[in-house]
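Please read them with the structure open.

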Amino acid sequence: MTLRFENVSYRYPGTDAWAIHDLDLTIHPDESVLVAGASGSGKSTLCRASIGLVPHFHQGQFMGRVLLEGLDTRQHPVYQLFRHAGLVFQNPDAQLFNHSVEAELAYGLESLGLSSFDIEERLARVEKLLGLESLIKRSPHTLSGGEKQRVALAAILALRPRILLLDEPFTHLDPEGAEELRTTLRLIRSEGIALIIVEHRLHEIITDVDRLIVLHQGERKIDGSPHAVLSRDTSPYGLNLPPLVRLFRALGWGKTPFTIEEAVREIDANHLSPQALLNFQEQNSIVVGSPPSTLGPVVEAEDLWFHYKDRPVLRGVDLKLGQGECVALIGRNGAGKTTLAKHLNGLLKPDRGSLKVLGQDTRRTSVSKLARHVGFAWQNPNDQLFRTSVREEVLTGPRVLQAYDPGWCNRLFERLGLTPLLDRSPFSLSEGQKKRVSFAAALAPQPGLIIFDEPTAGQDDPFRRELAELIHELQRDGRTVILVSHDLEFAARHASRWLILAEGQIIADGSPDAVMANHTAMAKGGLRPTQRFQLIQALKETRKEGKIDRVLP
Amino acid sequence: MIGSSLDPRSKLIALLAATCILMTFHGWLELAIAFGILIMVILLLRLGLAWLGLLKGLGFAAFTFFIIAGLAFDLVTAIMAALRLLTIGTAFFLFFQTTSPEALSNALIKMGAPYPFVFVLTASMQFVHVLIRRVISIRDAQRARGIPVESGLRAFRYFPALAGPLLIQAFHLADELAEAMEARGFGVPGRRFRYEPLLTLFDWAIIVVSAGAAVIVILI
């Protein structure tokens, strides 16, 4: 036994609801466990309770017992428990507090009271394991998001814990970063360390875990092998299901494939109809509001260049976006996606080239004037909250811009489910509710172009469904939508056009299927096609080879 | 940041002594000579560019001192006020350029300062970069919805649009940071350090000379 929860209930100070309730579970050595559930289901609290931060750090009401390697976490302070279990938090910025990567890695080892010789030995090992040799002298604040996460992980691994917990480790990673993390986690697992991973994006890691635990309102609802759990009805729990499981469910096929190979095997073994899947794909490939480009361009960019500290970030971008389009801007971190998006509302001005948004030259138009026409919903809604009520928060923008339309704003409140929250402080809302407030604030001046920056990052399935509906409604209203996202599964289902940005250049532009079929551009952009696309391709290949007749009904 | 073979404790005592000496100088010539020496050290350590970066802020402050002292007193006082600020600022710059926060915190702990206080002080220096990035994000988010936070009188009215999210996020980050520190054994008694500072004979010589010089200058 490595970790045991015995009827644990806990609530944070000043709250009535239990964050975890009557939780009873055991994590065994060498196990790899994925913990899933909607936002607020108690996943992060479970992590904190595992290493004693709950209740020692957070206080609150705690009942039951957590045993970590036989130690009752209530009886032992965190500084005695941290050598047994390590937690990598969600926000890498808030867990790197030393002046260099080297000092960061050594910090926990100093806490363990190791000799200088042992510290050096462990540092060398963890540096090699996570490939940190080139970063070791750098200051953490100069690292990229993926690098910071590797350092945070290394700082915990250096302690050689028996259990490693990771709280939503894939949230801020691009597809390449996610692949690197998966490789690292496999390596860690091979060292005999038990893994507990909390994650919304199940497909990122589901093939690498032995067990899936579904939490709902702090309670353990389902627990078992990933296939067994996902064979059951999980709809009440807000899970963001793996794409192939979702697809098979939509087709009424009661199987739970996680990989393309598994899906093809299931189709073959169970005499399922690939043709039904191909028909389903064709029916669903027409995205609502596909480009009515005849309505005139909303964005016209020609030979756009932008430098940041002499480093070219945009290099000759040419772009035309039509009214009512939903365009996904994709590519690896640092490819220039956010920089391009910030040009569209004038926050950044091009060094060279021209950019017109709704006919206005952004170089000659102030940000406040463009804000009337371009709405920007940021990844972190906390960046804009400052009013005492949700109503005031949303209406501040349109009032400043003299674009306040009470009828439109009331409809917006209703549409985004904010009406019951209007008099509440925005700071008291959940992260999902804050996101909706930021969407309302961006849409309140009735912009013709709306940019969503990583809108699905860290969000559960109910939120993603609501967002999808909202995007389609905006398109139907004739508004142009831009999704800046790493979430290719979401982008493939809801964007009619993909643009891959790599090293400041648009290297592919077209329908999601056309772009995914461009292997060179996908590889250059650090991207992999969605699983649904890969499956369709695999089935088409099979049909070409004549094997498909065998399984066709 | 450049490496230094001196123990941070000897450098810290030398810095404090230098500050005392510079505060007691009554003539502009002494200050100018001290300033010249410091500039030579900067050039010798190839820190010229970094120092020029510092000068953007320090130079403005020195100029402000010069104007205020010039208006309130006379030209010589104004020159001395500006030079004093420049020399002391440059001495501190040299210290921090040659002493890592880790070395400084180890030295302070060796000198008897409590570990939690020292560590939080040095960790908060890392926190500044995160907060600067947050300020930029918050400013962009507010400008993108038309709130004038960049300049002018209206920006003053909307100052809470910058300060509010920043304060909330700073508190939140501080909370997360404290939690992360706890999770890596911050409160553990008997912590050992990777680098134990060691005073050499040369360090002792620097301590004696600088402390002696400070005492002599103050007494004179």
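What percentage of the contacts in chain A with a separation of 6 or more is accounted for by residues 24 or more positions apart?

1. The model is a predicted one, and in it residues 24 or more positions apart account for 70% of the contacts in chain A that have a separation of 6 or more. Of the 553 residues of chain A, 53% count as buried.

2. Chain A holds 22 helices and 20 strands. Its radius of gyration is 25 Å, close to the 24 Å that the globule rule gives for 553 residues, so chain A is as compact as a globular protein of that length. Taken along the principal axes, the box filled by the C-alpha atoms of chain A is roughly 70 × 65 × 50 Å.

3. The contact between the chains takes 51 residues from chain A and 41 residues from chain B. On the side of chain B that touches chain A, the elements giving two or more residues are helix H5 (101-110), helix H6 (115-144) and helix H8 (159-182) of chain B, with the largest share, 13 residues, coming from H8(B). By class, this side of chain B has 19 nonpolar, 11 polar and 11 charged residues.

4. Within chain B, the axes of H5(B) and H6(B) come within 9 Å and cross at roughly 165°; the two helices are therefore roughly antiparallel to each other. H5(B) passes H6(B) in a right-handed crossing. Among the residues that make this contact are B:Leu104, B:Leu108 and B:Ile109 of H5(B) and B:Val118, B:Phe119 and B:Met125 of H6(B), and the residues of the contact divide into eight nonpolar, two polar and no charged.

Note on methods: Residues numbered from 1 in each chain as written. Chains lettered and ligands numbered in written order. Predicted model: local features only at pLDDT ≥ 70, side-chain atom pairs only at ≥ 80, totals over all residues. Helix = DSSP H or I, 4+ residues; strand = E, 2+ residues; numbered from the N terminus. Rg over C-alpha atoms; globule rule 2.2 N^0.38 Å. Buried ≥ 20, exposed ≤ 12 C-beta atoms within 10 Å, placed from the backbone. Contact = placed C-beta atoms within 7 Å. Nonpolar A, V, L, I, M, F, W, Y, C, P; charged D, E, K, R; others polar. Axes fitted to C-alpha atoms, helices over the stretch in contact; angles between N-to-C directions. Parallel < 35°, antiparallel > 145°, perpendicular 65-115°, else oblique. Left-handed = near helix turned anticlockwise from the far one by under 90°.
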